[in-house]
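Student: I would like to know what the terms used for a structure rest on. Please give the cut-offs as we go.

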Amino acid sequence: MIEEKFDAIVVGAGPSGNAAAYTMAKEGLKVLQLERGEYPGSKNVQGAILYADALEKIIPDFREDAPLERHVIEQRLWTMDDTSYVGMHYRSDDFNEERPNRYTIIRAQFDKWFSGKVREAGVVLLCETTVTELLRDTQGRVIGVRTDREGGTAFADVVILGEGVNGLVGQRSGLRPELKPETVALAVKEMHFLPREVIESRFNLKGNEGAVIEAMGTITDGMTGTGFIYTNQESISIGIGCIVSDFAESGRTPYGLLEAFKRHPSVRPLLEGSECKEYAAHLIPEGGYNAMPELFGDGWIVVGDAGQFVNAVHREGSNLAMTTGRVAGETVVWLKRRREVASKANLAEYQRRLEATFVMKDLKKYRRIPDFLHRNKQFFGVYPKLLSAAAQTWFRVDGVDKRAKEKQIFQSFREGRTLPGLIGDALKLARSWR
Amino acid sequence: MHIVVCMKQVPDSAQIRVHPVTNTIMRQGVPTIINPYDLFALEEALRLRDRLGGEVTVLTMGPPMAEDSLRKALTFGADRAVLLTDRAFAGSDTLATSFALAAALDKVGREFGVPPIVFTGKQTIDGDTAQVGPGIAKRLGLNQLTYVARIADLDPAAGTITVERRAEGGLQVLQTRLPVLITMLEGVNEIRRGGLDDAYRAARAQVVRWSAADAGITDLASCGLKGSPTIVKKVFAPQGRAEQVRQVPTIDRSADELAADVMAAIFQTQPALEEDLLRFAAGQ
C-alpha cells in the first residue's frame, strides 16, 4: 500500500477540529481528519450553548440547516444557598433578532451537522480511528500520525491537534504535561425531557425562545464550581461541575451534587414530571491562560480544549475552540500559499493571529481568576449564604424597622467574613478581574 | 467469487420505546445501527472472499440516510455498496421488501457478476420476522440455508456448499448446490476492524444508488405500501407488570443503612415476609 501524504491531518472532529478542517479544505487543501468516536459528536459533551459569532465566521449561513434548539433571550444568574436563590435576570426582546446571538444546541446532533459540512468541503474523515502517536523525522519535526488501525500511518505537512481536554496524543508525544487536577473541572449533566409547552410555560417562553440559568453557591458544597440549566426545544439540560482537586479533597461525588441540585426547592419545580433520558460527564479545562501549554511547534498546532482554550468565568469554550480551529486553519493555508514549511518559527504566526482575537485577549484578562477562585472558596459558600440572608431580612416584613434591618445585614457580613476579610476580598476580586 | 450481503439499517431497538398515549414507535433521537445479525453475515462473506478471492457487495434498501450503514460496511472491508432507495419502497412489508431486493440482486448480478452466494442475517431486530431472506431465495430460485452456524465446506469448482445449521434438538449438516442464500446465526464470528486502507476506501467510495427504475423495477404495485398485504392493526407497549420498581436513594448512605432501606422497602409491600422473618428470628 502506498502511504498517503496530506497537506494537513486534523486530530479530532469536535468544534476546533471541524473548524480547522473546514477552513483548510475550503481553500483546497488535502485534509485528513481522524476521530476516535463512532461518529463526530459521539464523544462530545457540552451544556450546550452555541455562540453564533464564532460559527458565522466559518459558515456564515449556518442558521439555514444547523440543528439549533432555542435562541437565548433570557440569561439568569443565580447565587444559591440551600433554600433560596438571589438572582439577576436579563431578558430582552432585542435577542429575538433575525440572526440571534446565542442558541442552545444538542451536541450529538450539532456535531453531526458540522461534520457533514466538513466532509462536503472535501475532508477525508475517518471515524473509530484513534491516533496513538505523532510521527517525527530525525530532526524531531512532526511529519504524521500513527493510528490504531492496521497499516495505520498517515503523513502530512502539519498536524493540527484538536483532540480535546484530555489531550492524550500531545501528552504521550511530550508536547505538554499531564493535566493538573486543579486546572480541570469535572462536570456532569442530564437531559430531562418535557413537552415543549411545559418548558415554555415554566420558563415564560414562546416559539423558539430559550432561557438559561447559570448558578453558583452552596450547590457546590464549598467547592469551586457552577451549575447550569438550559432549555432545549423538548428537553432541559441540567448539570453541575467542580474543580477535580476539590472533588478529590472533599470526597463528594459529582452525581451526588447533581442530585442535590435537582432537589433544590428552586430547581425541582422546573424539572417536575420530566424524564431523564441521558446522563453524561466530561472534563473542562479551566486553568485559563496560565495553564496554557505550548500551542505550536515543528509541524504541529494545538486548538480547542487541548490548548486550554476555555473562558470559565463566561462559560465560553466551543466558540474559542471554533475560533482557534479557524485561525489555525487559516495559518496553514497562508503558509501553503507562500510555499513555506510548517516550522516552529513559521507557525508562530498562529499565536500572533490569536493574540489579535478575543480568545487571547479574554484569557489574558482573566488569567488570575482560576487561581483566585480556587483559593477563595468563600465566594461559593459564605457569600451566597450572606447574600440570601440579607435578602430575606430585607424583604421579610415583620415589624422590625428598616434601620435595624440594615444594621443586622451589615453585622451579618462582618461576622461572616470580618471587615478586613470583606475589604480584602473586594480588592482581590477587583485585582483578578482587571 | 462475488458475494452479496443484504443488510438493513435499523433503529437501535435497545433504545426504542412506544409512546404511552399514541402507541406509535418513538424513533426520534434513537440511533441507527447495522442490524447486528447482518454483521455475522458480512464477516462470514469477508472471510470467504479473503480465502477464495473475489468481491463482497453490500446491498440495502432504505432511506438515503441508510448510506451511513453501507459506508460503515465498507470500513469493515466490503468492496462495494449499493443503496436501493426510492419513495416507492416506503412502507414495504417483508413481501414487498423481498420483491425489491430480489430485483436489485438481479441487477447486481448483471452489473457486477452473478453471486453464487447471497448472505443475510437470520432476521432483523426491528421486524424479527426472518422472512426476507427466504423470500429472496424463493423469488430468485436460490437454494436456501437458514440459521447457519458454520460454513463447513465450500467447493466452488463442484458448485457445492456444506453448512452446519442449528435446529431444534441439534445441529444439522446440510449440503446443497450453489447458488445459495444463507441466513447467518448470531455469535458465530466477530466482525473485523478494517485497516486504514479500508477506512480510506470507505470515506471516498461512491455508494451506488439505485431508484426503483434504476433497478429495473416496473411493477410498482408490488412495491412499498401498495405491494404490502400485511396490515399493522395495532401497536402497543407491553403492559407493565403489576409489581412496582422502587428506587432506594443511595446518596450519603452507609452500607448498613442502605441494607435497612432496602429491607424496609421490601417489607412495605410484603408485610407477611417481615412477620415470617421475625418469627424465624424469634426461633418459632
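Tutor: Two residues are in contact if their C-beta atoms, placed from the backbone, lie within 7 Å. Helices (H or I, at least four residues) and strands (E, at least two) are DSSP runs, numbered from the N terminus. This is a predicted model, in which local features need pLDDT of at least 70 and side-chain atom pairs count only at pLDDT 80 or more, while totals for chains, interfaces and linings use all residues. Residues are numbered from 1 along each chain as its sequence is written, and chains are lettered from A and ligands numbered from 1 in the order in which they are written.

Student: What do the buried residues of helix 10 of chain A pack against?

Tutor: They pack against strand 16 (296–297), strand 17 (300–302), helix 9 (318–337) and helix 11 (358–365) of chain A.

Student: Which residues of helix 10 of chain A are buried?

Tutor: Leu347(A), Tyr350(A) and Leu354(A). A residue is buried if 20 or more other C-beta atoms lie within 10 Å of its own, exposed if 12 or fewer, and partly exposed in between.

Student: How do you know that the buried residues of helix 10 of chain A line one face?

Tutor: Seen down the helix axis, they fall within an arc of 35°, so they line one face of the helix. The arc is that of the directions from the helix axis to the C-beta atoms. The face turned away from the buried side carries the exposed residues Ala345(A), Arg352(A) and Glu355(A).

Student: What span is expected of helix 10 of chain A, and what does it reach?

Tutor: The expected span of a helix is 1.5 Å times one less than its number of residues. Helix 10 (residues 344–355) has 12 residues, which gives an expected 16 Å, and it reaches 17 Å from its first C-alpha to its last, close to that value.

Student: Why is Ala280(A) called partly exposed?

Tutor: Ala280(A) has 16 C-beta neighbours inside 10 Å, so it counts as partly exposed. Ala280(A) is in strand 15 (residues 275–285) of chain A. Leaving aside neighbours within four places in sequence, Ala280(A) is in contact with Val45(A) and Lys189(A).

Student: What makes strand 9 of chain A largely enclosed?

Tutor: Five of the six residues of strand 9 (residues 142–147) are buried, so it is largely enclosed by the rest of the structure.

Student: How many bridges join strand 8 of chain A to strand 9 of chain A?

Tutor: Two strands pair if DSSP finds at least two bridges between them. Five bridges join strand 8 (residues 131–136) to strand 9, and the two run antiparallel. In this pairing, Leu134(A) stands opposite Val145(A). Their hairpin has five residues between the strands, and Gly140(A) takes a positive phi near 90° there.

Student: In what sense do strand 9 of chain A and strand 10 of chain A pair?

Tutor: They pair in the antiparallel sense, over three bridges, strand 10 being residues 153–161. Gly144(A) has Phe155(A) in strand 10 as its bridge partner. In this hairpin, Gly151(A) takes a positive phi near 65°.

Student: How many residues of chain A are in contact with chain B?

Tutor: 12 residues of chain A are in contact with nine residues of chain B. The largest share of the chain A side, three residues, comes from strand 7 of chain A.
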